Amino acid sequence: MADLAAKGETPEILFWVGCAGSFDDRAKRVTVAFVKILNSVGIRFAVLGTEETCTGDPARRAGNEFLFQMQAMNNIQVMNGYGVKKIVTACPHCFNTLKNEYPELGGNYEVVHHSTLLQELIDQGKIKLSDSNSFKGKKITYHDSCYLGRANNIYEAPRVVLEALDADLVEMKRCRTTGLCCGAGGAQMFKEPEAGRKDINIERTEEALQTGATTIAVACPFCMTMMNDGVKNKEKEGQVNVKDLAELIAEAKGL
Amino acid sequence: MAYVQQIFFALSLGVAGWFIAQRVRFIRKNIALGKSEPVAGPTGERWKNVVLVAFGQKKMFKRFLPAFFHLLIYVGFMVINLEVLEFVIDGLAGTHRFFAPYLGSVYPILMNVFEFLAVAVLVACVVFLFRRNVLKVQRFQSAEMTRWPRLDATLILTIEIVLMMAILTINAADQVLQTRDAHYTQTGPLFFSSGLTPALEQLNTATLVVIERGAWWFHILGILGFTVYITYSKHLHIFMAFLNTYYAKLQPKGHINNMPVVTREVKSMLGLPVEQPTPSEVPGRFGAKDINDLSRTSLMAAYACTECGRCTSECPANQTGKKLSPRKIMMDVRDRMEDVGASLAKGGPGLNDGKFLLGDYISKEEINACTSCNACVEACPVMINPLEIILELRRYQSMEESSAPGQWNSMFQNIETNFAPWKFPASDRFNWAKTNA
């Protein structure tokens with residue numbers, strides 16, 4: 001972003017990478033896949049690079065409002081400084097915070113989740129997949145992210161993206177409004193769960209495996225971690241993949 | 001003699017009214033302990049929620065079977081109230097079937113409609129008793145469903161069954177009396193109660209009058225007593241659900257309420273222009289330790305909860321055996337309000353009784369297990385938001401006590417020093433681009 005600003009250029013959209021997308025090895029692959037898609041369709045985007053910092057979502061949800069607002073104010077100052085108008089992010093938690101919680105603190109942007117952007121690109125015919133893509137006819141199940149679904153009523157966009165693969169989309173018993181959480185939301189990602197009978201991600205992974213799908217599609221870096229851990233726990237990593245929507249599209253397009 | 005009955009009726013009405021008024025005042029005071037917060041969002045949207053969700057039962061129908069039987073009771077309750085209105089007029093004026101002359105041939109039709117609804121309510125209550133006590137539907141067996149909540153549910157259903165049986169008894173005796181005494185308005189045979197008349201035809205008129213009057217008094221006194229009971233019971237949802245859907249949050253569920261106090265603080269720390277607080281504002285606690293730190297909307301919601309447990313049955317933490325139960329959060333808030341209110345009414349210490357909502361009613365283990373997934377909020381048929389309360393309690397824990405779980409404190413530290421929740425140097429944030437082949 002700084003480079004473009006120095007050249008006096010404004011990008012169409014800011015890609016908010018997020019902490020997971022920047023630091024988590026698995027999520028970084030999603031970031032790269034999404035960037036490849038953006039480049040392939042010729043969207044002029046920018047990233048904040050080292051000027052990006054945590055949105056503050058986990059701090060706020062763990063109760064540390066001071067820390068959240070410090071983060072939010074700093075990010076808003078940076079983005080307002082660059083005149084950011086539109087943001088896309090592959091993280092539903094960043095998406096929710098940027099879209100719903102930054103306006104009250106002076107950050108007003110048009111924020112879209114990458115599933116919505118991908119859906120638009122498919123609808124506009126800018127992303128076309130060949131009939132012989134590697135996912136055609138394969139069984140895929142989609143795990144709803146709470147922060148996309150219930151939190152922001154985005155249930156269809158990820159499914160439209162998956163339908164473009166011409167795969168066999170199978171739903172879990174608990175999906176859409178009753179979709180079961182992966183267990184990572186509300187800052188649970190950053191601590192061990194409380195004592196119980198079972199870990200939430202195991203419960204959810206079992207449900208996903210019951211569909212017989214060979215790919216579990218996710219749209220959130222935290223869900224990615226939780227479902228991956230679940231699949232490993234069930235010793236199914238040889239047969240079942242956990243993949244983000246962007247990775248599936250990039251792979252199907254051979255990017 | 002007739003006057004004695006009318007006076008007694010008026011007195012009963014007055015006594016019930018007095019008890020109800022006392023309870024309404026008590027509940028209002030309890031809710032007023034909470035923080036008054038402006039009601040945000042368009043009024044039209046709020047009314048839409050009242051119409052669709054409360055009147056229209058929209059969210060109930062996410063589970064068809066209980067929704068169907070609940071609808072029978074709900075419609076029965078709404079419509080049979082018209083008959084109760086006639087009961088009240090008859091009781092006060094000493095008349096019998098006051099509306100009959102005005103409605104003419106419509107009256108027997110109405111009476112039949114009421115009978116159908118009475119039987120529908122009766123059947124639905126039996127089904128619900130069966131679900132709770134024989135099928136033992138899981139959400140009614142959770143840890144918080146101990147003695148009183150269980151008894152409360154059983155009492156409500158039983159009372160409703162008995163009251164509906166009284167209506168049928170009145171009508172049956174009345175139909176036999178219609179053949180013997182001109183005082184009894186002709187209704188013609190009524191669909192269900194006419195089936196009971198053969199059993200009553202052998203009885204002499206005096207006995208029948210006693211049965212008819214007895215059932216009539218039993219029914220109306222029962223209803224008055226039940227109405228008083230409701231104000232002490234989870235059944236209060238029949239009124240509070242309407243209020244709660246009106247006041248329910250309109251923003252997307254992912255949104256967490258902002259804390260303007262913190263905004264002012266943070267802005268002044270960053271050297272940004274700060275709007276001055278209104279002078280009357282007394283800085284309270286950060287987050288919530290007790291009910292007076294919660295919003296009045298949250299407190300009111302606790303009185304709207306009928307303990308159906310749909311929230312808890314959808315909660316991922318609860319489903320995997322953690323202590324958290326969103327229903328219990330609402331029940332605890334109500335219990336705390338009742339305890340504080342009762343103490344204040346006796347001139348006791350109220351909030352200063354050495355107990356707190358967080359710690360004495362709700363444990364940290366419960367609130368820390370929440371994934372903020374909004375399943376409970378989505379599930380609630382009357383739009384209660386247990387998540388809002390959980391997050392306020394967490395705010396107190398984090399900001400006032402600094403007693404968040406250790407790993408959360410480390411996460412806070414990482415964000416403060418590395419601007420990411422993990423311990424990676426901030427300068428590495430853009431390294432992913434190097435792998436962008």
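Guide: In β7(A), T215(A) is the bridge partner of I140(A). This pair belongs to the contact between β5(A) and strand β7 (residues 215-218) of chain A, which pair in the parallel sense over three bridges. The model is predicted, and the description below should be read accordingly.

I140(A) also has a bridge partner in β6(A), namely L169(A). Strand β5 (residues 139-142) of chain A pairs with strand β6 (residues 168-170) of chain A in the parallel sense, again over three bridges. Within β6(A), V170(A) stands opposite T141(A). In general, strands of a sheet pair through backbone hydrogen bonds, in either a parallel or an antiparallel arrangement.

These pairings belong to an open sheet of four strands in chain A, with the order β6-β5-β7-β8 and parallel pairing. Its edge strands are β6 and β8 (241-244) of chain A, each of which pairs on one side only. From one strand to the next, the twist averages 35°.

Two helices lie across part of this sheet. Helix α11 (residues 221-233) of chain A lies across β7 and β8 of chain A and runs at about 170° to β8(A). Helix α12 (residues 245-252) of chain A lies across β7 and β8 of chain A as well, but runs at about 90° to β8(A).

In the contact between them, 26 residues of domain 1 of chain A meet 26 residues of domain 2 of chain A. On the domain 1 side, the elements that give two or more residues are α2 (18-23), α3 (25-40), α4 (57-61), α6 (92-101) and α7 (114-123) of chain A. Of these, α3(A) gives the most, with eight residues. By class, this side of domain 1 of chain A has 13 nonpolar, eight polar and five charged residues.

F15(A) lies in strand β1 (residues 13-16) of chain A. F15(A) counts as buried because 24 C-beta neighbours lie inside 10 Å. Leaving aside residues up to four places away in sequence, F15(A) touches L38(A), F45(A), V47(A) and V88(A). From F15(A) to A33(A) there are 18 residues in sequence and 13 Å in space, C-alpha to C-alpha.

Chain A also meets chain B: 57 residues of chain B are in contact with 55 residues of chain A. Several elements of chain B give two or more residues to its side of this contact, including α10 (260-269), α18 (386-400) and α19 (406-418). That side of chain B divides into 28 nonpolar, 19 polar and 10 charged residues.

Chain B has its own domain assignment, with domain 1 (2-32 + 63-232) and domain 2 (284-401). The C-alpha centres of these domains of chain B lie 35 Å apart. Here 12 residues of domain 1 of chain B are in contact with 16 residues of domain 2 of chain B. Helix α1 (residues 2-32) of chain B provides the largest share of the domain 1 side, six residues.

Technical notes
Residues are numbered from 1 along each chain as its sequence is written. Chains are lettered from A and ligands numbered from 1 in the order in which they are written. This is a predicted model: local features need pLDDT of at least 70, side-chain atom pairs count only at pLDDT 80 or more; totals for chains, interfaces and linings use all residues. Two residues are in contact if their C-beta atoms, placed from the backbone, lie within 7 Å. Ala, Val, Leu, Ile, Met, Phe, Trp, Tyr, Cys and Pro count as nonpolar, Asp, Glu, Lys and Arg as charged, and the others, Gly among them, as polar. Two strands pair if DSSP finds at least two bridges between them. Domain bounds come from an automatic or database domain assignment. A residue is buried if 20 or more other C-beta atoms lie within 10 Å of its own, exposed if 12 or fewer, and partly exposed in between; C-beta atoms are placed from the backbone. Axes are lines fitted to C-alpha atoms, for helices over the stretch in contact, and angles run from 0 to 180 degrees between N-to-C directions.
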